[in-house]
Amino acid sequence: MWRSKILWRLSSVYGLLLTACFGLLGWYLIGRMENHLLADVRRGLELKTLLIRDLVNERPESDLQAQVERRAAQAQVRITLIRADGTVLADSAENPAKMENHRDRIEVDQAERHEVGVSTRYSGTVLQPMMYVARRNDRGPVRYVRIALPLDAVAAEIRWLHRVVWTATGIALGIALVA
């Protein structure tokens, strides 16, 4: 029986089909979870921009830098307050006087058009991938409240998810092929 060519051909086809099915399932699950994690981060940052915007509107301009530094430390995010012309008023990670104009940043441009803008990119300032969420403010000197969060925690979660999904896929595939 083990020498039968038909058995080996059927087993090979069956193995390839199972490998393809489990591979597609793993790829789909990882993609869905990654999108879900990033959407959660985005929602959290959008909520924080609302809270910071309300706080900024109640403070004098001279107090903004101290407020930004204090709130950023509490929320473990980076906060940037930007004028309508793109000049940085306050930033929790850098000296605003030394920062370049932010008017052409993707998230700021989107916030001008749609009230909220989002961008995920590598930050040259903190040297890591970040998610930026900017919210337009129609009161006071601060036109945009931007909050950024490093994506290293999300990347670690996605790496863990890869290990779990591919390990489970390999075990399930092995059991299916033996059966």
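## How α1 and α4 cross

Helix α1 (5-57) passes α4 in a right-handed crossing, meaning that the near helix is turned clockwise from the far one by less than a right angle. Helices here are DSSP runs of H or I, at least four residues, and strands are runs of E, at least two, numbered from the N terminus. The model is predicted: local features need pLDDT of at least 70, side-chain atom pairs 80 or more, while totals for chains, interfaces and linings use all residues. Residues count from 1 along each chain as its sequence is written, and side-chain values use heavy atoms, without hydrogens and water.

The two helices pack at about 160 degrees, with axes 10 Å apart. Angles over 145 degrees count as roughly antiparallel, so α1 and α4 are roughly antiparallel. Axes are lines fitted to C-alpha atoms over the stretch in contact, and angles run from 0 to 180 degrees between N-to-C directions.

## The buried side of α4

In α4, V154, I158, L161, V165, T169, L173 and A176 are buried (under 20% relative accessible area, 1.4 Å probe, protein chains only). These buried residues pack against α1. An α-helix has 3.6 residues a turn, so residues three or four places apart point the same way.

## Two loops with positive phi

Q76 is not a glycine, yet its phi is positive, about 55 degrees. Q76 lies in the loop between α2 (64-75) and β1 (78-82). At 65% relative accessibility, Q76 counts as exposed (over 50%).

E115 also has a positive phi, near 75 degrees. E115 sits between α3 (106-114) and β3 (116-123). Its relative accessible area is 32%, so E115 is partly exposed (between the buried and exposed cut-offs).

Note on methods: Contact = heavy atoms within 4.5 Å. Parallel < 35°, antiparallel > 145°, perpendicular 65-115°, else oblique.
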